[in-house]
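Let's take a walk through this fold, starting with a helix and ending with some rings.

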Amino acid sequence: MKFRGIIFDLDGTLLNSLEDIADASNAALAANGFPTHPVEQYKYFVGDGVRTLVQRILPPEQVNDETVFQNYLAAYLEAYGRNWDNKTQPYPGIPEMLTALQKSGIRMGVFSNKPEQFTKQCVAKLLAPWHFDAVVGQNDQIPPKPDPTGGLLIRDQWGFRSEEILYVGDTATDMNTARTAGFFSIGVAWGFRPISELLASGAKKIARIPSDISMNNEQ
């Protein structure tokens, strides 16, 4: 199969953003008098959009209080807006992989559950050397993954068929997104979730290092 486009998840796939997300979340929790969480626990809090992140980290007795929810959400977005690029960097091997893909001529895009403002900021600053034809984050018109709407918008923008597109991510949500959209799914071993989760959710290939994602061989 000759693939013409590749769509990446962002957090846990291209960028190791866990500490900045955890720092902002914990700062907002502490400011509201709520207990904080270890950084490693955020590997299972993130991945399904900012509202789900808030639901997972708030004390259970507070989740259904809409005032608390909205106040915390605003506090988190403000904190993350200040520190989103403190520690976040591409994973080792990602720069070389993106350079090789770009030289191959394949079209590249990003579809993330991160709010669109932050998705575009991260790509513009931290992935600036590489060209992404489309960068889609979560907004009022784009429902969170595993709804494939954002990925299908990129597909239609490119004018490709679903089977001509690779989708690369690090969670079950990503693999389910790819399946629903009809994309070829690649799960990455260096991200936030274990390989077992990726395989159980239908990953067609596991990339153990970034250079495993290559146009020099069939996926």
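Helix H1 (residues 18-31) has 14 residues and spans 20 Å from first C-alpha to last, close to the 20 Å expected at 1.5 Å a residue. That expected span is 1.5 Å times one less than the number of residues; helices (H or I, at least four residues) and strands (E, at least two) are DSSP runs numbered from the N terminus. This is a predicted model: local features need pLDDT of at least 70, side-chain atom pairs count only at pLDDT 80 or more, and totals for chains, interfaces and linings use all residues. Residues are numbered from 1 along each chain as its sequence is written, and side-chain values use heavy atoms, with hydrogens and water left out.

The buried residues of H1 include Leu 18, Ile 21 and Leu 29. Buried means under 20% relative accessible area (1.4 Å probe, protein chains only). The buried residues of H1 pack against strand S2 (15-16), helix H2 (50-57), H3 and strand S4 (107-115). After H1 comes Gly 33, with a positive phi near 80°.

Now the rings. Phe, Tyr and Trp (its six-membered ring) pair if their centres lie within 6.5 Å, and planes under 30 degrees apart are stacked, over 60 edge-to-face, the rest tilted. That gives 5 aromatic pairs. Trp 158 and Phe 160 form a tilted one, 5.6 Å centre to centre with 45° between the planes. Here is how buried those two are:

| Residue | Relative accessible area |
|---|---|
| Trp 158 | 6% |
| Phe 160 | 10% |

Elsewhere, ring pairs link Tyr 76, Tyr 80 and Phe 118 into a cluster.

Key. Buried means under 20% relative accessible area, exposed over 50%, partly exposed in between (1.4 Å probe, protein chains only). Contact means heavy atoms within 4.5 Å.
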